[in-house]
Amino acid sequence: MKEFTCIICPRGCQLIIDKNNNVTGNACPRGKEYAINEITNPTRTITTSIRVSNRIDTLVSVKTNLAIPKNLVFEAMEIINKLSIGAPTKIGQIVLKNILDTGADIIITKNID
Amino acid sequence: MKTVDLVIIGGGSAGMAAALQAKKEGISDILILEKDECLGGILNQCIHNGFGLTEFKEELTGPEYLWRFVDQIHEEKIPYICNAQVIDLSKDKIIKYSKYGLVETIKAKAIVMATGCYERSAGAIQLPGDRCTGVITAGLAQKYLNIKGYMVGKRVVILGSGDIGLIMARRLTLEGAKVICVSEIMPYSAGLNRNIQQCLKDYDIPLYLSRTVSKVVGKNRLEKVTLSSVDENMNFIPGTEMEIECDTLVLSVGLVPYISLLNYIGCPIGPTKGAIVNNYMETKIDGVFACGNCLHVHDVVDFVTEEGRNAGHGAALYIKNLIKNDGEISVIPGREISYVVPQFIDKKTNENVTLKLRVRKPLKDQFVVVKSGDRIISKTYKLGVVPSEMILLNLSIDKINEINEELTVELEGK
């Protein structure tokens, strides 16, 4: 049996999962899915920012468009921190495809003219 | 003097929502004044995700959320001026703003205040010890890191467990800093449970409760802080001191509505430290409305957007002369309730009203009861209530029409 807090929405349900993968404490089906993932393959979305190469003192925010395995978060950050992009930028624009073979892309989350 | 029907002061989430709603209701002469270089307000630096679950039914980052509104402002061709700092306001709604040192004056029929909030600082909490560099508020650290790309420190202690403090613990860790601990003076965290999980537990960052900074030491740059436990009266308990070497202390010790301009015009202020308003979000100053974090500090931006719409709607009614002001019903925070917004309801309203309130302390098994005299208007069961989570209660129009006496909102144990 394991107990943890659901991070899917701000409600933050206290989930309990037993050894047969029965989930209790969840207010919605997403909590059940999260609990099972959390003990089999925990994943997290990374949100961070990268340099804008043609602007002074400017960063643009980015994220992984899918959650990636939790144990790859720091390795992914090392790669992301070496990225830069030229403005203008558009929300949804891909900066790097398939980071660390996770299937997730690094995408822009802010428009810069 | 230039005249404008509706001037909105502040182009963040609340201001943009107010502008869009007023436009939708037929007000076309609108101007948004924004002091920063772009629209969007604080969400520009909130690059983490978790925004928009109520508004868009999806999880967005702060910039993605705000751009959905900036795009609409552009589509609706609503005029806005950036780098425009309002420096004076009068009761007859004459606004002076400065842009690059040039002062312009405009007269508005109605004003929506959407000026947001500011952070409590080291001075505001009487932080004991040296005044050295390396002590910084969480929001400023967030701006340096996320917008400007400066690392604020290498070994960090965070004081205060509100959501910004928790988010910054994760953010600093991801960028290579060592976050030693988060210390919270209260016996419970002020942040969302999910943020304690994903920002602290994920990275094994300890959270100390009932403990705060009792001494700051640093000649030029911060060298160490002492944490001490506190008793129930918030006094330090001798013998509990814990010295921590660090170069940065991040303060996440609360937000206060920004109301300087409202003070200029003598606007009455309530327990939220923002203006007191009626159900149209109109303050006690005729034609001046308030919404978002300058009215009361919210925990979720989606609710700020909704409140902005209410204020935009109220301002549109006001400009069209549709608000009667035929007396109002007071809404009083009762047992274990720290505040309720709005504080007044127009007796002649023909709209449903949402009451927004916070409790004083965490409690389990409670009913939130709305009473008018001895009559119970509504009674809602809550499994658990915490001060960090705003409670919303809907009052339907037929219920409001039955009320004559003032309303009291209070908690009642099961």
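**The interface of domains 1 and 2 in chain B**

One salt bridge is found across the interface of domain 1 of chain B and domain 2 of chain B, a salt bridge being a side-chain nitrogen of Lys or Arg within 4 Å of a carboxyl oxygen of Asp or Glu. The model is predicted, so local features need pLDDT of at least 70 and side-chain atom pairs count only at pLDDT 80 or more, whereas totals for chains, interfaces and linings use all residues. Residues are numbered from 1 along each chain as its sequence is written, chains are lettered from A and ligands numbered from 1 in the order in which they are written, and side-chain values use heavy atoms, with hydrogens and water left out.

The domain bounds come from an automatic or database domain assignment. In chain B this assignment gives domain 1 (1–119 + 255–323), domain 2 (121–253) and domain 3 (327–414). Taken over C-alpha atoms, the centres of domain 1 and domain 2 of chain B are 31 Å apart. Nine residues from domain 1 of chain B and 15 residues from domain 2 of chain B take part in the contact, which means heavy atoms within 4.5 Å.

Between domain 1 and domain 2 of chain B the buried area is about 1000 Å², with 46% given by carbon and sulfur atoms; this is the accessible area (1.4 Å probe) that two parts lose on being put together, summed over both. Of the area that domain 1 of chain B buries against domain 2 of chain B, 57% is supplied by Gln45(B), His48(B) and Glu119(B), more than by any other three residues.

Eight residue pairs, both at pLDDT 80 or more, are in polar contact between domain 1 and domain 2 of chain B. Such a contact is a pair of N or O atoms within 3.5 Å; within protein, one must be able to donate a hydrogen and the other to accept it, and residues adjacent in sequence count only if both atoms are side-chain atoms.

Over all chains, the count comes to 19 salt bridges. In one of them, Arg44(A) pairs with Asp202(B), their closest N and O atoms being 2.4 Å apart. Arg44(A) lies in strand 4 (residues 43–44) of chain A and Asp202(B) in the loop between helix 5 (193–200) and strand 13 (207–208) of chain B, so this pair joins two chains. Helices (H or I, at least four residues) and strands (E, at least two) are DSSP runs, numbered from the N terminus. Chain A has two helices and 10 strands.
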